[in-house]
Amino acid sequence: MSQFDHIFIAPKNWDASLTFYKDNLGFEMVSSWGDKSEGRGAVLKCGSFTVVIAEEHENKGDNAWVSGFNGQRPTIHINVENVDQAFDNLKDKDTAVIKPEDNHWAGRWMVVKDPDDNLIAYNTPKKEK
């Protein structure tokens, strides 16, 4: 079973984007992290719709910025029960720009690219203990 999780945006100007989503659109900030030296990020919600914005930061093994970053286009995130199974089900595995791997923010993920270079990330969230 797949379920829409969030859209990721790598803004040109983090402060302007945060102000736009919070003050202009009325999104609620659910959480935030980082500072100007390490890159800031925030999770914003409007009803059940979630937007994640994050500044570019030093890689430190984060494939989101190496392979997942797509200029100013958003990345669609979909939660699935098993990322590895979703990868196995791909008809064209060459569309995967990030093959299944663990990440530091959500659990396990992979990213595929559509014919127009839009990115779709499949996530299997960490299980709460």
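User: Exposed means over 50% relative accessible area and buried under 20%, with partly exposed in between. With that in hand, which residues of helix α1 are buried?
Analyst: This is a predicted model, to be clear. In α1, which spans residues 14–24, the buried ones are Trp 14, Ser 17, Leu 18 and Tyr 21. Seen down the helix axis, the buried residues fall within an arc of 100°, so they line one face of α1.

User: Why would residues at that kind of spacing point the same way?
Analyst: An α-helix has 3.6 residues a turn, so residues three or four places apart point the same way.

User: OK, and what's exposed on the other side of α1?
Analyst: Asp 23 and Asn 24 are exposed there.

User: Which strands do the buried residues of α1 pack against?
Analyst: They pack against β1, β2, β3 and β4.

User: What about the ends? Which residue caps the N-terminal end of α1?
Analyst: Asn 13 does, with a side-chain oxygen 3.1 Å from the backbone nitrogen of Asp 15. Just after α1 comes Gly 26, which takes a positive phi of about 80°.

User: Switching to the sheet. How many strands, and in what order?
Analyst: Eight, in an open sheet with mixed pairing, ordered β2-β3-β4-β1-β5-β8-β7-β6. The edge strands are β2 (28–33) and β6 (96–102), each pairing on one side only. Ignoring direction, neighbouring strands are turned by 20° against each other on average.

User: Zoom in on β4. Is it mostly covered or uncovered?
Analyst: Mostly covered: β4 runs over residues 49–54, and five of its six residues are buried.

User: How many bridges does β4 make with β3?
Analyst: Six, and β3 (residues 41–46) runs antiparallel to β4. One of the facing pairs is Cys 46 with Phe 49, its bridge partner in β4. The two strands form a hairpin with two residues between them, and Gly 47 in the turn has a positive phi of about 65°.

User: And with β1, is the pairing parallel or antiparallel?
Analyst: Parallel, over three bridges, with β1 covering residues 2–9. Ile 9 stands opposite Ile 53 in β4.

User: Side chains in a strand, where do they go?
Analyst: In a regular strand they alternate between the two faces of the sheet.

User: New topic: rings. How many aromatic pairs turn up?
Analyst: Three in the whole structure. One of them is Phe 4 with Phe 49: the ring centres are 5.9 Å apart and the planes are at 10°, so the pair is stacked. That pair links distant parts of the chain, since Phe 4 sits in strand β1 and Phe 49 in strand β4, 45 residues apart.

User: Where do Phe 4 and Phe 49 fall on accessibility?
Analyst: Phe 4 is partly exposed at 36% relative accessible area. Phe 49 is partly exposed too, at 33%.

User: What sort of pair do Tyr 21 and Phe 27 make?
Analyst: Their ring centres are 5.4 Å apart with planes at 75°, so the pair is edge-to-face.

User: Which residues do the ring pairs link into a cluster?
Analyst: Phe 4, Tyr 21, Phe 27 and Phe 49. Tyr 21 is also one of the buried residues of α1, and Phe 49 is the bridge partner of Cys 46.

Note on methods: Residues are numbered from 1 along each chain as its sequence is written. This is a predicted model: local features need pLDDT of at least 70, side-chain atom pairs count only at pLDDT 80 or more; totals for chains, interfaces and linings use all residues. Side-chain values use heavy atoms; hydrogens and water are left out. Buried means under 20% relative accessible area, exposed over 50%, partly exposed in between (1.4 Å probe, protein chains only). Helices (H or I, at least four residues) and strands (E, at least two) are DSSP runs, numbered from the N terminus. Two strands pair if DSSP finds at least two bridges between them. Axes are lines fitted to C-alpha atoms, for helices over the stretch in contact, and angles run from 0 to 180 degrees between N-to-C directions. The arc is that of the directions from the helix axis to the C-beta atoms. Contact means heavy atoms within 4.5 Å. A polar contact is a pair of N or O atoms within 3.5 Å; within protein, one must be able to donate a hydrogen and the other to accept it, and residues adjacent in sequence count only if both atoms are side-chain atoms. Rings of Phe, Tyr and Trp (its six-membered ring) pair if their centres lie within 6.5 Å; planes under 30 degrees apart count as stacked, over 60 as edge-to-face and the rest as tilted.
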